[in-house]
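Let's take a walk through this protein together, one stop at a time. Have a look at the sequence and the structure, and then read on.

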Amino acid sequence: MLYEWLAADSGILNVLNYITFRTGAAVVTAFLVTVVFGDAIINFLRARQGKGQPIRDLSLEQQLEKRGTPTMGGFLIWLGLVVGVLLWANLHNPYIWVTLFVTVSYAFLGFLDDYAKVTKQTDAGVSAKVRLLAGFGIAALACAFIMGLHGAHTPEGHAEWGALNGLAEKIAAFAPQTSVTPADPDFSGGVAVPFVNNYFLPLGMFFILFGMIVIVGSANAVNFTDGLDGLAIVPMMFAAASYAMIAYLTGNFVFAEYLGIQFAPGAGELAVLLGAMMGAGMGFLWYNAYPAKVFMGDTGSLGLGGMLGVVAVATKHEFALVIIGGLFVIEALSVIMQVSWFKLTRRLTGEGKRIFLMAPLHHHFQKQNWPETRVVVRFWILSVLFALAGLATLKLR
């Protein structure tokens, strides 16, 4: 909004035309908004929630000490992010709006879950089946729209949807314009293969299903990771920083051509949104650092994970998310392995057995008497390494 009012073709305000400048401005703006209004929001949440988030009894003394801490701290993040995006992003860019759609929708799902937990004072919120069904529905709409936007940059000028080509043409009309020669015919319904220059595995309409799995999986993986003070937000910031760079490079034809990655016109604007997320994340960490004054809650974690997933789909770097978000993947896998092994052994032997002392994985280390801060900082270190490894794949082709 501010960018659109003040940007000029010459003079000092010309800097507003640069995505890099606006990304930095979004970081600072979102951080300041979150820090300035943080105490007021936390006090409001504490007054409304009374006993705060119910703490599941994990037989861990450190966890029980957190009783009374308010949840839904994701609202701090969303306030800073929305202000940063509205001020510094190009609001005519459709990738901004589809990402905000997923983020806000998933955050609302998380809010409903947090609200149910707080009002009922139980750790059981909205049923997992309802959350998954709604999550897949939201992701399907977003992926179909992104596929339609990508279709504008194929030789056909729209995604190939058969009887629904008319709808595909209408969506393609929203796509950012470019003078670059149309991309590979499979750009719209294909998935970029890691370590291979400009090759897309053609999925057709199954691309939507693939994107749905990426977005829902990302949202739930971040949700599993959010269990200790500061544990989820810092790796999320590292992942956002990585994808901000990927979005910028993918949306710039010169850099994309040099690196041999797919050029996605307009995707570079997502760097501004991710910059706002990083700034809001730093502001949230101001209050969420050990000992936390507020918890992120599902209000924050589901929205953040959904955002990361939809950006990966929009930039055609879905597989890179497995590496960049490696910590989230490990946390999610620890839960899947634990539950699956327990059910399998109970069925075979009549007694369920566990792989870890407790899942998600961070609780396993707590059970081994690691201090919470040690677990968190070491997981942060791993998230940095995963982010750097993911970025390295841009040149390994």
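## A walk through the model

Start with Phe-356, which you'll find in the loop between α14 and α15. Keep in mind along the way that you're looking at a predicted model. Is Phe-356 buried or exposed? Its relative accessible area is 18%, and since anything under 20% counts as buried, Phe-356 is buried. If you skip its neighbours within four places in sequence, Phe-356 is in contact with Ser-334, Met-337, Gln-338, Leu-361 and His-364. Now look along to Lys-367: eleven residues separate it from Phe-356 in sequence, and the C-alpha atoms of the two are 9.6 Å apart in space.

Next comes His-362, which sits in helix α15, residues 361-367. Not counting residues up to four places away in sequence, His-362 touches Phe-224, Thr-225, Gly-227, Leu-228, Leu-231, Glu-331, Val-375 and Phe-379.

On to the nonpolar cores. The largest one holds 95 residues, and the members that touch the most others are Val-85, Tyr-106, Ile-233, Tyr-243 and Met-277. Which element gives the largest share of this core? That's α11, with twelve residues. Pick out Val-85 and, leaving aside its neighbours within four places in sequence, you'll see it in contact with Leu-91, Ile-96, Leu-100, Leu-273 and Ala-276.

Time for the aromatic rings. A ring pair is described by how far apart the centres are and by the angle between the planes. The model has twelve aromatic pairs in total. In one of them, Phe-145 and Phe-174, the ring centres are 6.4 Å apart and the planes meet at 50°, so this pair is tilted. These two link distant parts of the chain: Phe-145 belongs to helix α6 (residues 128-151), while Phe-174 is in the loop between α7 (165-172) and β1 (190-192), 29 residues apart. Phe-145 is partly exposed, at 23% relative accessibility, and Phe-174 is exposed, at 55%.

Phe-253 and Phe-263 make an edge-to-face pair, with 5.5 Å from centre to centre and 80° between the planes. Phe-253 is in helix α10 (residues 253-259) and Phe-263 is in the loop between α10 and α11 (270-288), so the pair ties together parts ten residues apart in sequence. Here Phe-253 is partly exposed, with 36% relative accessibility, whereas Phe-263 is buried at 17%. Elsewhere, Phe-75, Phe-108, Phe-111 and Tyr-115 come together as one aromatic cluster.

The charged end of Lys-316 sits over the ring of Phe-187, 5.5 Å from its centre. Arg-378 lies over the face of Trp-370, at 4.8 Å from the ring centre.

Our last stop is the second largest pocket, with a volume of about 510 Å³. What lines it? There are 21 lining residues, and those nearest the centre of the pocket are Gly-217, Ser-218, Ala-221, Val-329 and Ala-332. The elements that give two or more residues to this lining are α8 (206-225), α13 (320-324) and α14 (326-349). Of these, α8 gives the most, with eight residues.

Conventions. Residues are numbered from 1 along each chain as its sequence is written. This is a predicted model: local features need pLDDT of at least 70, side-chain atom pairs count only at pLDDT 80 or more; totals for chains, interfaces and linings use all residues. Side-chain values use heavy atoms; hydrogens and water are left out. Rings of Phe, Tyr and Trp (its six-membered ring) pair if their centres lie within 6.5 Å; planes under 30 degrees apart count as stacked, over 60 as edge-to-face and the rest as tilted. Helices (H or I, at least four residues) and strands (E, at least two) are DSSP runs, numbered from the N terminus. Buried means under 20% relative accessible area, exposed over 50%, partly exposed in between (1.4 Å probe, protein chains only). A charge sits over a ring if NZ of Lys or CZ of Arg is within 6 Å of the ring centre and within 35 degrees of the ring normal. Contact means heavy atoms within 4.5 Å. A nonpolar core is a set of buried Ala, Val, Leu, Ile, Met, Phe, Trp, Tyr and Cys residues joined through side-chain atoms within 4.5 Å. On a 1 Å grid over the protein atoms alone, a cavity is a set of points where a 1.4 Å probe fits but cannot get out, and a pocket is an open set with protein on both sides within 12 Å along at least five of seven lines; lining residues have an atom within 4 Å of a point. Grid points are joined across faces, edges and corners, and a volume is the space filled by probe spheres set on the points.
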